[in-house]
Amino acid sequence: MDYSAKLDQAIDQLHEEGRYRTFIDIERRNGSYPHARWLHPDGGERQITVWCGNDYLGMGQHPVVLEAMHAALEATGAGSGGTRNISGTTIYHKQLEAELADLHGKEAALLFTSAYIANDATLSTLPKLFPGLIIYSDALNHASMIEGVRRNGGAKRIFRHNDVEHLRELLAADDPDAPKLIAFESVYSMDGDFGPIEQICDLADEFGALTYIDEVHAVGMYGPRGGGVTERDRLAHRIDIINGTLAKAYGVHGGYIAASAKMCDAIRSYAPGFIFTTSIPPAVAAGAAASVAHLKRDQDRRDQHQTQAKILKTRLKGMGLPIIDHGSHIVPVIVGNPVHTKQLSDMLLDDYGIYVQPINYPTVPRGTERLRFTPSPVHGPNEMDKLVRAMDELWGQCALNRAELAG
């Protein structure tokens with residue numbers, strides 16, 4: 001076996017399909033987000049504006065968060081020193097879990113190193129706790145949920161995206177006495193659409209199923225205290241397990257689940273992804289706890305975020321660009337071809353200093369490649385005007401006409 005040739009073949013295929021992913025090196029400037037320094041491959045540097053980040057509310061540089069992290073760093077040092085079971089549980093981890101449990105109105109919360117790991121570890125562990133468990137998973141669930149369901153070795157059913165009737169058919173076809181769990185999301189990050197939470201909860205009640213929701217792209221941003229769409233719609237009490245992240249709206253790092261104390265204890269005790277992983281650094285936990293606590297009170301920042309998203313969508317629609325608008329904060333512009341998407345991304349960066357990463361397969365289906373913009377409260381009028389002008393000029397200047405670009 002020529003291993004090197006096989007690697008070349010795999011990478012060349014991505015280049016040929018136009019979906020080879022290129023990372024750009026940036027340095028975020030404290031106090032000036034969304035502006036950053038782009039370290040160009042030729043050795044130079046340039047100031048750019050980040051329009052694709054998941055620091056949705058700009059909390060990654062909020063003084064409250066930084067002060068908490070500095071204080072914890074000075075008090076405890078850098079790392080946690082071990083797994084949660086072996087010396088890695090500190091007062092900062094416990095304070096953060098208490099904040100998260102309170103956020104979602106649950107008895108307990110359990111921290112993980114990322115929301116990906118939280119999804120994977122929890123969903124792959126549940127069949128150990130409920131032998132014979134059948135998991136019903138939305139077709140557009142995040143890769144971490146898919147991986148967790150795939151690895152658990154139990155039965156799974158995939159229902160068409162947001163199709164409650166299809167879900168009902170699948171539930172009705174299975175043994176009524178079998179344990180069941182429905183796994184879905186509140187906000188789907190690529191199209192920005194919402195899951196039918198109340199209808200799914202109704203089905204769960206009817207068929208005796210547990211509910212598991214991924215609120216990664218909603219926590220901090222929806223609900224009167226940032227508890228997500230389930231809090232906004234007053235449905236959190238009907239969800240058995242809520243998954244969230246500390247790395248997006250909260251601007252720090254890590255993931256978690258919130259559930260009953262008994263559920264969290266069982267996952268803590270059985271999930272390898274929790275047991276054998278070094279816990280997040282105390283300073284990170286402290287910053288995340290400060291961010292969660294702050295956003296429970298900062299409705300104005302949430303309102304600004306929604307306003308910015310509405311303004312950008314309105315302006316792009318007015319230019320005739322093919323955007324998807326489901327009423328969330330996600331602003332996808334569909335290009336429909338990986339090569340053209342990368343071309344637009346490169347021109348925005350090179351000619352206008354605007355950074356938006358192309359989104360290609362397998363993150364989204366082939367033919368729906370897109371630029372995904374994430375406006376925030378710290379994107380001001382000047383940044384918005386520059387982006388809109390750039391998109392207007394590039395959409396018209398591109399070698400292909402608009403209709404062809406759209407798909």
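Three strands form an open sheet in which the order is 11-14-13 and the pairing is antiparallel. Strand 11 (331-334) and strand 13 (358-359) stand at the edges with a single partner strand each, so one side of each has no neighbour in the sheet. The model described here is predicted.

Strands of a sheet are held in pairs through backbone hydrogen bonds, and the pairing may be parallel or antiparallel. Strand 13 and strand 14 (residues 370-373) show the antiparallel sense, with two bridges between them.

Helix 12 (residues 299-318) lies across strand 11 and strand 14, and runs at about 20 degrees to strand 11. Helix 13 also packs on the sheet, where it touches strand 13 and strand 14. The direction of helix 13 makes about 45 degrees with that of strand 14.

Helix 13 (residues 338-352) has a helix to pack against as well: helix 14 (residues 381-397), at an angle of about 125 degrees and with the two axes 11 Å apart. Angles from 65 to 115 degrees count as roughly perpendicular and those over 145 as roughly antiparallel; helix 13 and helix 14 are therefore oblique to each other. Their crossing is right-handed. On the side of helix 13 the contact is made by L344, M347, L348 and Y352, and on the side of helix 14 by K386, A390, M391, E393, L394 and W395. Of the residues in this contact, eight are nonpolar, two are charged and none is polar.

Another part of the chain holds strand 7 (residues 180-185), which is mostly covered, with six of its six residues buried. In a regular strand, side chains alternate between the two faces of the sheet. In strand 7, K180, I182 and F184 point one way, while L181, A183 and E185 point the other way, and all are buried. Both sets include a charged residue by type, K180 in one and E185 in the other.

Which strands pair with strand 7? Strand 5 (residues 134-138) pairs with strand 7 in the parallel sense over four bridges, and the bridge partner of Y136 in strand 7 is I182. Strand 8 (residues 209-214) also pairs with strand 7 in the parallel sense, over six bridges. Here K180 stands opposite A209 of strand 8.

Conventions
Residues numbered from 1 in each chain as written. Predicted model: local features only at pLDDT ≥ 70, side-chain atom pairs only at ≥ 80, totals over all residues. Heavy atoms only, no water. Axes fitted to C-alpha atoms, helices over the stretch in contact; angles between N-to-C directions. Parallel < 35°, antiparallel > 145°, perpendicular 65-115°, else oblique. Left-handed = near helix turned anticlockwise from the far one by under 90°. Contact = heavy atoms within 4.5 Å. Pairing = 2+ DSSP bridges. Buried < 20%, exposed > 50% of the residue type's maximum accessible area, 1.4 Å probe, protein only.
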